[in-house]
Amino acid sequence: MSDRDAAFAEYFAARSGAMRGTAFLLCGDWHRAEDLVQTAFTKLYTHWNRVARHEALDPYVRQVLIRTYIDDGRRGWWRRERPQETPLDRAGPAVSADDRLMLMRALAEVPPRQRAVLVLRYWEDMSVEAAAAVLSCSPGTVKSQAARGLETLRTLMSQPVTAE
Amino acid sequence: MSNAPNEESTVNENDLREAMRASLTITPPPPMASAAAVAAGRRAVRRRTTLAGAGAAAVLVAVTALAVNPGLRLVAGGDGGGAPWAGPGVPSAYPTPSDAGDNTKPVWPTDGDGKPQEDATARSGERYEQGKKLLAEILAVVPGGWSTPTGETADKIPLRSHQAAVEGDNSGKTWGYLAGAAVAKDGGTGRLLAEVHTKDNGLPAEPCALARKFWDLGGACEVVMVGTAKVGVVQAAGGDQGIDQWAAYRHSDGVVVYLAQSRTVSNGEANPEPLTELPLTVPQLAALAADARFHLT
């Protein structure tokens, strides 16, 4: 194994899990998440010497992953769940497992760019400026998209949702 | 958080964090294999090498053809080969996903309903109304001959919006108001935006330094006099910034007003046809930035 392969494999072993988690939150499907991660890391491999020299591996992979996801525009399995008139049983205490499941289903209904902002801001804990750099937009857009994304979630969470 | 059907949800960013964290612990698949990733990388490199070789051969054929037949013209092409991370502004490191719990939950000011805000944005009350007022002021200064469409773009970005968000230490001492409205003329649609920061905002006093702080966008700045007031006006440097021109003015009490205009209606990807001309001239833009109507506290 070459030096590049060894360093790449080490980085992949260390970070592919976290990247796959981010990808899963974006697309809602583990298989699709692994496809996104594979695409991002393959691109990293082809640019390894340039990227590794700049010590910007995580931002590079994350940016490829996010852009691939947005460009693709596909929706995951949550997308198959649609609001219906028959409500689920009322949940018990705050933030129950049902609440969380409903929230993740609602997240899948949020438009892709807003969803990317929500994941970057509230899962990756990125600053507004860092998220703006990843998404190639202004910090103001990140702020407004995050606010709208949360508002969309609130609206969706106020609707009855059941599986088809 | 409540998920009871037909009740208004109060989901906030901490609920979302918790749901995301929980969803990742439910039957995650086994780790991905490094060896497979390396193999995929190698295949990609081989494909690139092969394509580059084919490209070089094509260039050789073209050059030969040109030498044989000077009447042929070559057309430049290619993707430039730049990696997407190469642009400015990408930090060298980001934090790993947070595993912090509710003990990091920030304390927000009291909202209009007497309860703490769910996040930085006010949803009712005095501050919310100031954001709403800002939108009304924008609509009031749209020049004659322009229409102000409503609704949203194809990717669900509203054509009108307003927001009031606490800034600084989140104590409620400093607020930012942002509003935007679509403006249309001759088949094109763009927008006017206003952003106001209340006093003690920490923004610079010098007009161009102040103007350049707007969304950290770059561009050429000039100081425009409005009576005795000095207003910084910036023309965007171009690229994919979404905002074409903006003016910045700091009132004597420290309140800062930004007025901006854009040929596009949003930063999204599904915009209607953009404007061919901006709605306001530079003197008009500067005058509005210094106008008392946009001075909000």
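**A helix and its partners**

In helix 1 of chain B, the buried residues, meaning those with 20 or more other C-beta atoms (placed from the backbone) within 10 Å of their own, are Asp15(B), Leu16(B), Arg17(B), Ala19(B) and Met20(B). This is a predicted model, in which local features need pLDDT of at least 70 and side-chain atom pairs count only at pLDDT 80 or more, while totals for chains, interfaces and linings use all residues. Residues are numbered from 1 along each chain as its sequence is written, and chains are lettered from A and ligands numbered from 1 in the order in which they are written.

Helices here are DSSP runs of H or I with at least four residues, strands are runs of E with at least two, and both are numbered from the N terminus. Helix 1 of chain B covers residues 13-25, and its buried residues pack against helix 1, helix 5, helix 6 and helix 8 of chain A.

Helix 5 of chain A packs against helix 1 of chain B at an angle of about 95°, with the axes 9 Å apart; axes are lines fitted to C-alpha atoms over the stretch in contact, and angles run from 0 to 180 degrees between N-to-C directions. The two helices are therefore roughly perpendicular, a word used for angles of 65 to 115 degrees.

Confidence is given by pLDDT, the predictor's score for each residue from 0 to 100, and chain A averages 77. Over residues 74-94 of chain A, pLDDT stays under 50. Where pLDDT is low, the predicted coordinates should not be read in detail.

Technical notes:
Two residues are in contact if their C-beta atoms, placed from the backbone, lie within 7 Å. The expected span of a helix is 1.5 Å times one less than its number of residues. A residue is buried if 20 or more other C-beta atoms lie within 10 Å of its own, exposed if 12 or fewer, and partly exposed in between; C-beta atoms are placed from the backbone. Angles under 35 degrees count as roughly parallel, over 145 as roughly antiparallel, 65 to 115 as roughly perpendicular and the rest as oblique.
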